[in-house]
Amino acid sequence: MNYTDMHSHILPAMDDGSKSMEMTLAMLRIAEQEGIGTIYATPHCMPGKGHPTLKKVEERIQQVSEAAWDEGIDIELKKGTEYYYVEEMLEWLEDGNVITLGDSQCILVEFEPIAERTYIRNAIREILGFNYQPVIAHVERYPSLMEKNFSTLSEMKEMGALIQVNCDSVINAKNWN
C-alpha cells in the first residue's frame, strides 16, 4: 500500500524543514521505506518565514525529483504550500495567488495554536467563499478544536474543510488533548 504525505517540509533550504539536498534524500529514503508513494511539498508561507512562489516551489520539486530518480527513490512529489492564516491571505485567494495541493482547489492552512474556534471557523468560511477547500494543518495543535466529542471538527467538516493530522499524533495517541 502506498500512503500519501500531504504536509511535508521536504524541499531543501525553503523553510525550517530540510536543510540540504542530502537531508531531503535521506528523508525520502525513510518515507519510501515506510510505504509513502506521494509527498506534497508544503513549505511555509508565513510572516518571518517567507512567501514561496509557485515558480520556486516547482523548480525545487524538479531538482529533488531528479536527484531522487538518480538515487533510485520512487516517490512522486507534488506542489503545495502551508499557509499561516493572516488577513493578507484573503487578498492572495482573491487574486488566485496561492499554491494549492497538487492540481486541486485544496489549500493547506495553519493557525496560531491558541486561536479560538470562532476565529478558525470564520477563516474556513472565508477560504470556502473563494472556492478553495481548506485543509486544516495539524489539527491536534488547536485546543479549541479538540473538544472531547469533536463537535467543532465535525462542524468544520460539514462546512467543507478537510483535516490533516500529524502521523505522530495518531501513533502516539497520548499527544491528543
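This is a predicted model: local features need pLDDT of at least 70, side-chain atom pairs count only at pLDDT 80 or more; totals for chains, interfaces and linings use all residues.
1. The largest nonpolar core holds 46 residues, among which Leu28, Met89, Phe111 and Ile136 touch the most other members. At least two residues of this core come from each of helix H1 (21-33), strand E2 (36-41), helix H2 (54-70), strand E5 (82-84), helix H3 (88-95), strand E6 (106-110), helix H4 (117-129) and helix H5 (151-159). H2 gives the largest share, five residues.

2. Leaving aside residues up to four places away in sequence, Phe111 touches Tyr84, Tyr85, Tyr119, Ile120, Ala123, Ile124, Ile136 and Tyr142.

3. Glu110, in strand E6, deserves a comment. This residue is buried but has no salt bridge. The nearest side chain of opposite charge belongs to Arg141, 4.7 Å away; a salt bridge requires a side-chain nitrogen within 4 Å of a carboxyl oxygen.

4. What does the side chain of Glu110 make a polar contact with? The partner is the side chain of His44, at 3.4 Å. Beyond four places in sequence, the residues touched by Glu110 are His44, Met46, Glu82, Tyr83, Tyr84, Tyr85, Ala137, His138 and Tyr142.

5. Five strands form an open sheet in the order E3-E5-E6-E7-E8, and their pairing is parallel.

6. Strand E7 (residues 133-136) pairs with E8 in the parallel sense over two bridges. Ile136 has Ile163 of E8 as its bridge partner; Ile136 is also among the core residues that touch the most other members.

Note on methods:
Residues are numbered from 1 along each chain as its sequence is written. Side-chain values use heavy atoms; hydrogens and water are left out. A nonpolar core is a set of buried Ala, Val, Leu, Ile, Met, Phe, Trp, Tyr and Cys residues joined through side-chain atoms within 4.5 Å. Buried means under 20% relative accessible area, exposed over 50%, partly exposed in between (1.4 Å probe, protein chains only). Helices (H or I, at least four residues) and strands (E, at least two) are DSSP runs, numbered from the N terminus. Contact means heavy atoms within 4.5 Å. Lys and Arg count as positive and Asp and Glu as negative; His and the chain ends are not counted. A polar contact is a pair of N or O atoms within 3.5 Å; within protein, one must be able to donate a hydrogen and the other to accept it, and residues adjacent in sequence count only if both atoms are side-chain atoms. Two strands pair if DSSP finds at least two bridges between them.
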